[in-house]
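Here is a short report on one protein model. Read it with the sequence and structure open.

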Amino acid sequence: MGARRHKGAEDDPLTRAMAPPSNETQHQREARIRAEQEAKHISDTIDEELNRQRMADRKGPKPIKILLLGQSESGKSTTLKNLQLMHSPKTFRAEKAYWRNIIQLNVVQSIHAILDVISRAHTASHPFTSHSPSSHKDYPPLTADHLKLKMRLAPLTQVEAALIRKILPPGQVAPSEDSSMHEVCVNSGWKSALSRLVGNGDNRKSCDTADMINWSDPDDPGVLMHACAEDMKRLWTDPIIKRLMEIEKMRPEEMAGFFLDDLDRVTSLRYVPSDDDVLRARIKTLGVSEHRFTVRTGPLGSSMSHDWRVFDVGGQRSLRAAWVPYFEDVNAIIFLAPISCFDQVLQEDPSVNRLADSFLLWKTIVSHPLLKKAYLILFLNKCDILRAKLESGIRLGNYITSYGNRPNDFESASIYLKKKFAALMREHANDRSLYCHFTSVTDMKSTSLILQHVQDVIVRDNLKRSALVG
């Protein structure tokens, strides 16, 4: 009987997964133990902070609870960064040291995406070397210089791997080397883990980002990126490569984390991100992250402060079931709909148009019984990209058939889309008011004005519900 129990323990998949490798060296064992101890220390510190915050919440006034909702890449995290810049600027700027790594990762992944296009075009021009059938596309011919350029940029693969190792917190497995096109995802507590390595910006003697970066680090990925800068610029500006991307319908300039127009600056040896760079940087987070702000506002003409709890939840389809537990007692929803994505499909389900998915999500939110008292704010986001697409000749009516033959300009399209969202709210939320803003949340100045107005309205509404104002 005991032997069977012993065998069962060996066969248990969890036991096998947690066991160290059978061929582990002493050096690897010491590194693994250090990583496990660091992960436990971070976990214990987070638990202590959560317990402290729970005790403080019981003693103080009830905070204003805000949810940021919307599909993946709708602009939720960028909106959150704008709020942080407005209300915790010192912490925002203290975090730039590790946003630098993420911006560098955004650059090398954009370059790798273009290099993959070159590989596909080269394979298509030599069909006898390919073992898989592919649809014929009229690619322009590549020259020997293009293939040499591709080879010279090959070291960026090692740069990407090094950056991923720096960004991922202890215990999170990095993608394999052959999965460079798979987007890197981090858990919602990634910044908490990294801040313990960089230091707490609000308590440091110096919050100058340059003081937080180890410029003498021989493994700094920025050194190799600087060496590859001229080749990266040559790749991005090459007319034949531009034509290849047009054929592949690849528009990296419309994606979050686009920095290829700023290669001179972001590949410089002593590059420090600007506020605008941080807003444009892209890293996909999993799970729900909570952020706390003290919002100072004066809706009645006097200065007042309020504690806000802002929850940023993952927008991928597989994560949306996790939204509902956060609906209870929420004061306001800021829903972000990226209206520029009318010609795109969901990464999780290529049969679903992204704009159609936003319509369905909005319908679900406005009709949910737990949100019937929540203040609903709609951000029709990425208006700058929508305008550029329409001006380039991409027709909204080709993707949203109900738009018909209306003028293909920003004013007509934006008004039509706002009416579509308003109609869904009237149909499913009765007489509730629609508070809608056209936004480009990477635009710091305009977004701060919109968020200032939004927070004043939310605070006033909260005071009314508390019977403090009439």
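How many residues does helix α8 have, and how far does the helix reach from its first C-alpha to its last?

## Helix α8

Helix α8 covers residues 156-167 and has twelve residues. From first C-alpha to last, α8 reaches 16 Å, close to the 16 Å expected at 1.5 Å a residue. The expected span is 1.5 Å times one less than the number of residues. Helices are DSSP runs of H or I with at least four residues, and strands are E runs of at least two, both numbered from the N terminus.

The buried residues of α8 are L156, V159, E160, A162, L163, I164 and I167. Buried means under 20% relative accessible area, with a 1.4 Å probe and protein chains only. An α-helix has 3.6 residues a turn, so residues three or four places apart point the same way.

## Basis of the model

The model is predicted: local features need pLDDT of at least 70, side-chain atom pairs count only at pLDDT 80 or more, and totals for chains, interfaces and linings use all residues. Residues are numbered from 1 along each chain as its sequence is written, and side-chain values use heavy atoms, with hydrogens and water left out.

## Whole protein

The protein has 19 helices and eight strands. Of its 470 residues, 44% count as buried. Take the contacts (heavy atoms within 4.5 Å) between residues at least 6 apart in sequence: 77% join residues at least 24 apart.

## L417

L417 sits in helix α18, residues 410-429. Its relative accessible area is 0%, so L417 is buried. Beyond residues up to four places away in sequence, L417 touches I339, L355 and F359. Y403 is 14 residues from L417 in sequence and 9.0 Å away, C-alpha to C-alpha.

Definitions and conventions:
Buried means under 20% relative accessible area, exposed over 50%, partly exposed in between (1.4 Å probe, protein chains only).
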